[in-house]
Amino acid sequence: MSLKQNDTYEEKQLEKVIDIYSEEKDLAPIVITTGGRLISVLPKNGISFTTEELQSIVGGYIERVEFPNGTELWVNEGGKIRGLTLNKIATALWRRIYQFDFGEDAATDFIVGDCLICKPKYTQE
């Protein structure tokens, strides 16, 4: 797969996530992998994720990033320090949403590791 084809694939995946993010419907939580896959997941109890489930998804301690519409992005809190792989789709989503709020910081910051995007109801214990 050439870089250009890969960019196109990542752009398509990003557009899917943006569509999900902007929807007001109640959609299932999605894991965004560093490999560009989008995987629908549900909490084991069918209601909300436990801390342990969130940690398992992101591979370590969790940190919540809240988007303006209330949607949550759960990431690995120490992922940058640990040198986790860049998550291009989550990074592009974060940058697109926060480019006007954080200016240059939004253009240089990045998301690493697998992460979970979901509505808050899925993380209320």
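**Testing the labels on a predicted chain**

Author: The protein chain has an accessible surface of about 7,400 Å², and 52% of that belongs to carbon and sulfur atoms. The areas come from the Shrake-Rupley method with a 1.4 Å probe; for residues, only the protein chains shown count as cover. This is a predicted model: local features need pLDDT of at least 70, side-chain atom pairs count only at pLDDT 80 or more, and totals for chains, interfaces and linings use all residues. Residues are numbered from 1 along each chain as its sequence is written, and side-chain values use heavy atoms, with hydrogens and water left out.

Reader: How many helices and strands does the protein chain have, and in which pattern?

Author: The protein chain has five helices and five strands. Along the sequence the pattern reads α-β-β-α-β-β-α-α-α-β. Helices (H or I, at least four residues) and strands (E, at least two) are DSSP runs, numbered from the N terminus.

Reader: Why is E72 called buried?

Author: Buried means under 20% relative accessible area, exposed over 50%, and partly exposed in between (1.4 Å probe, protein chains only). E72 has 6% relative accessibility, so E72 counts as buried. In the chain of 125 residues, 39% pass that test.

Reader: What surrounds E72, leaving aside its neighbours within four places in sequence?

Author: E72 sits in strand β4. Contact means heavy atoms within 4.5 Å. Apart from those sequence neighbours, E72 is in contact with R64, V65, L116, I117, C118, K119, P120 and T123.

Reader: What makes the pair E72 and W74 a polar contact?

Author: A polar contact is a pair of N or O atoms within 3.5 Å; within protein, one must be able to donate a hydrogen and the other to accept it, and residues adjacent in sequence count only if both atoms are side-chain atoms. The side chains of E72 and W74 meet at 3.0 Å. T71 and N69 also make a polar contact through their side chains, at 2.8 Å. T71 lies in the loop between β3 and β4. Its relative accessible area is 2%, so T71 is buried.

Reader: How do you know that β3 and β4 pair?

Author: Two strands pair if DSSP finds at least two bridges between them. Strand β3 (residues 62-66) and β4 share five bridges, in the antiparallel sense. Along them, V65 stands opposite L73, and E63 has V75 as its bridge partner.

Reader: How many bridges join β4 to β5?

Author: Three, and β4 and β5 run antiparallel. E72 stands opposite C118 of β5.

Reader: Why is β4 described as largely enclosed by the rest of the structure?

Author: Five of the five residues of β4 are buried, so the strand is largely enclosed by the rest of the structure.

Reader: What makes the 17 residues a nonpolar core?

Author: A nonpolar core is a set of buried Ala, Val, Leu, Ile, Met, Phe, Trp, Tyr and Cys residues joined through side-chain atoms within 4.5 Å. The largest such set has 17 residues, and I32, F67, L73, L93 and I117 touch the most other members. Two or more residues come from each of α1 (3-22), β1 (30-32), β4 (72-76), α4 (88-102) and β5 (115-118). α4 gives the most, with six. A second, separate core has nine residues, including L54, I57, V58 and L116. In soluble globular proteins, nonpolar side chains tend to be buried together.

Reader: How do you know that the buried residues of α2 are on the same side?

Author: In helix α2 (residues 51-58), E53, L54, I57 and V58 are buried. They cover an arc of only 125° around the axis, which puts them on the same side of α2. That arc is taken from the directions from the helix axis to the C-beta atoms. E52 and S56, on the other side, are exposed. The buried residues pack against β1, β3, β4 and β5. G59 follows α2, and its phi is positive, near 80°.

Reader: Why is T91 called buried?

Author: The relative accessible area of T91 is 5%, so T91 is buried. T91 lies in helix α4, and its side chain reaches the backbone oxygen of N87 at 2.8 Å. Beyond four places in sequence, T91 is in contact with L86, D109, F110 and I111. L14 is 77 residues from T91 in sequence, with 9.6 Å between their C-alpha atoms.
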